[in-house]
Amino acid sequence: MAQKFRVVIVGGGVAGLALATRLGDSIGKSGRAEITLVDKSFAHVWKPMLHCFAAGTAANENDRISFLSQASRHHFEFWPGEISGMDRKAKTITLAPVIETTGEVILEERKLEYDALVLSIGSRANDFGTPGVAEHCLFIDNLVEANGFNERFRMELLKAFGNNEELDIAIVGGGATGTQLAAELHKALDLASLYSFGKKPPKLKITLLEAGPRILPAFPESVSAAATKQLEAIGVEVMTSAMVSGADEKGFMLKDGTRIPATLRVWAAGVKAPDVTRKFGELKLSRSGQLEVRPTLQLVEDDNIFAMGDCAFIAEKPVAPTAQAARQQAHHLARYMPAWINGRPLPAFAFHNKGAVVALGDYNGWGTFPGGKVFGGGWLRGITARLVHIMLYRQHQFELYGTFRGTVSCLVDWLDVFVRPSVRLD
């Protein structure tokens, strides 16, 4: 019996899981190919919601999608593991050992063969080699880090509450992640105060540091100005043109000599590909470590290896590393890869900008249409933009779950509001 064509997808983010699900439902279900998804976690979360998990305002046990469950329903296999190397000649990837927190090796290093490899390993914040950042700052690039930050946040909040002290938090990076995290942390404190039995909650001082002249540089200046005004209204200190030169256990140092004290220090600036891309051999990379691909999303050096999402760089026509771009690239490959397996050429990927949205907790929100027109804000306090943000998340759930399970998931989340506290307290 002939060996089935083996498609290995590394990374179960927005793009990776969408591609595995769609290919599984088409060529996986029909038996034309064997689809395998690899991820170091056992569950998927929608990355644009990580700031909510970090603040504790989203119950991520309800918002996670099990890779094993999704695989069983959509005709693909799931392998736990983190890619650590690649042999293009042998058409194999190496998965690093799976190690328990106690140090016990659960799974040894493994090799996985492929006929087509799709790399969708996402991105990380870029510390640009700034001294002390790696050692003294928290990141929220994945669910583990977001949960780790939330644990620290709750413990420091408890300490501040018990000692009647102020909790200082400094966030570096005025893009969507840092800006939304600042607002979400204030929302978390507002919600937690509802459970404090009348006692006065601790003061929360948040400083948002942006190296550029304004926050939310991807949005029009009017949105940046309105967002700055809203953040300052809820007590966030916004500092622009603030270049961080170093970090230690007590705060940040700025290039002009200013010191920003902070008990919790978060780095949410810059974007770079995971460091493992530099271990894949002689591959062409962008300055931030992204894998350079042709418009067909195939690597410059290898027709059988694809890259999509934040880890991919289309040199001929660069696309911003956003969730909507990653999703569109996954849909492109899901549509055309089955025919490519049978020998047909792949068409070039074309990105269709559908605008952007930013929501500052329940305080305000704005969005932009592709032409730059702004919506949200105003007397409705941005309810339109915030609803769009929620709808995008629900669209993602429906795409992965299907109509029936997606509807049930929405209903469960709605009922959960009446049972669980509105912010994580334990």
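I began with a pair of charged residues: the side chains of Glu145 and Arg124 form a salt bridge, with 2.9 Å from N to O. Glu145 sits in helix α6 (residues 143-163) and Arg124 in the loop between β11 and α5 (133-136), so this bridge ties together parts that are 21 residues apart in sequence. I then looked up how open each partner is. Glu145 has a relative accessible area of 21% and is partly exposed. Arg124, at 25%, also counts as partly exposed. A reminder to myself before going on: this is a predicted model.

**Entry: the whole chain**

I stepped back to see what the pair belongs to. The chain has eleven helices and 24 strands. Its radius of gyration is 22 Å, close to the 22 Å that the globule rule gives for 426 residues, so the chain is as compact as a globular protein of that length. Along the principal axes, the C-alpha atoms fill a box of roughly 70 × 55 × 50 Å.

Next I checked how much of the chain is covered. Buried residues make up 52% of the 426 residues. I noted the surface too: the accessible area comes to about 20,600 Å², and 55% of that belongs to carbon and sulfur atoms.

I also wanted to know how far along the sequence the contacts reach. Among contacts with a separation of 6 or more, 63% are between residues 24 or more positions apart.

**Entry: charges and more bridges**

Back to the charges. I found 47 positive and 45 negative ones in the chain, and their mean positions are 5 Å apart. How many salt bridges does a search of the whole structure find? The search finds 16.

I picked out Arg6 and Asp115, whose side chains meet in a salt bridge at 3.1 Å, N to O. This pair links distant parts of the chain: Arg6 is in strand β1 (residues 5-10), while Asp115 is in the loop between β10 (110-113) and β11 (116-119), 109 residues apart. Are these two partners buried or exposed? Both Arg6 and Asp115 are buried.

With a relative accessibility of 4%, Thr36 counts as buried. Leaving out residues up to four places away in sequence, Thr36 touches Val7, Val8, Ile9, Glu77, Trp79 and Leu112.

Then I went to Thr368, in strand β23 (residues 364-368). Thr368 is buried as well, with 10% relative accessibility. Which residues does Thr368 touch, not counting those up to four places away in sequence? I listed Phe219, Pro220, Lys354, Gly355, Ala356, Lys373, Val374 and Phe375.

For a contrast I turned to Ile106, which lies in strand β9 (residues 105-107). Ile106 counts as partly exposed, at 46% relative accessibility. Apart from neighbours within four places in sequence, Ile106 is in contact with Val98, Ile99 and Glu100.

Most residues other than glycine have a negative phi. With that in mind, I looked for residues that go the other way.

Lys91 is not a glycine, yet its phi is positive, at about 55 degrees. I found Lys91 in the loop between β6 (83-87) and β7 (92-95). With a relative accessible area of 28%, Lys91 is partly exposed.

Leu216 is not a glycine either, and its phi is positive at about 50 degrees. Where is Leu216 found? I located Leu216 in the loop between β13 (204-209) and α8 (221-233). Leu216 is buried, with a relative accessible area of 1%.

Methods. Residues are numbered from 1 along each chain as its sequence is written. This is a predicted model: local features need pLDDT of at least 70, side-chain atom pairs count only at pLDDT 80 or more; totals for chains, interfaces and linings use all residues. Side-chain values use heavy atoms; hydrogens and water are left out. Helices (H or I, at least four residues) and strands (E, at least two) are DSSP runs, numbered from the N terminus. The radius of gyration is taken over C-alpha atoms; the globule rule is 2.2 Å times the number of residues to the power 0.38. Buried means under 20% relative accessible area, exposed over 50%, partly exposed in between (1.4 Å probe, protein chains only). Contact means heavy atoms within 4.5 Å. Accessible areas come from the Shrake-Rupley method with a 1.4 Å probe; for residues, only the protein chains shown count as cover. Lys and Arg count as positive and Asp and Glu as negative; His and the chain ends are not counted. The place of a charge is taken as NZ of Lys, CZ of Arg, CG of Asp or CD of Glu. A salt bridge is a side-chain nitrogen of Lys or Arg within 4 Å of a carboxyl oxygen of Asp or Glu.
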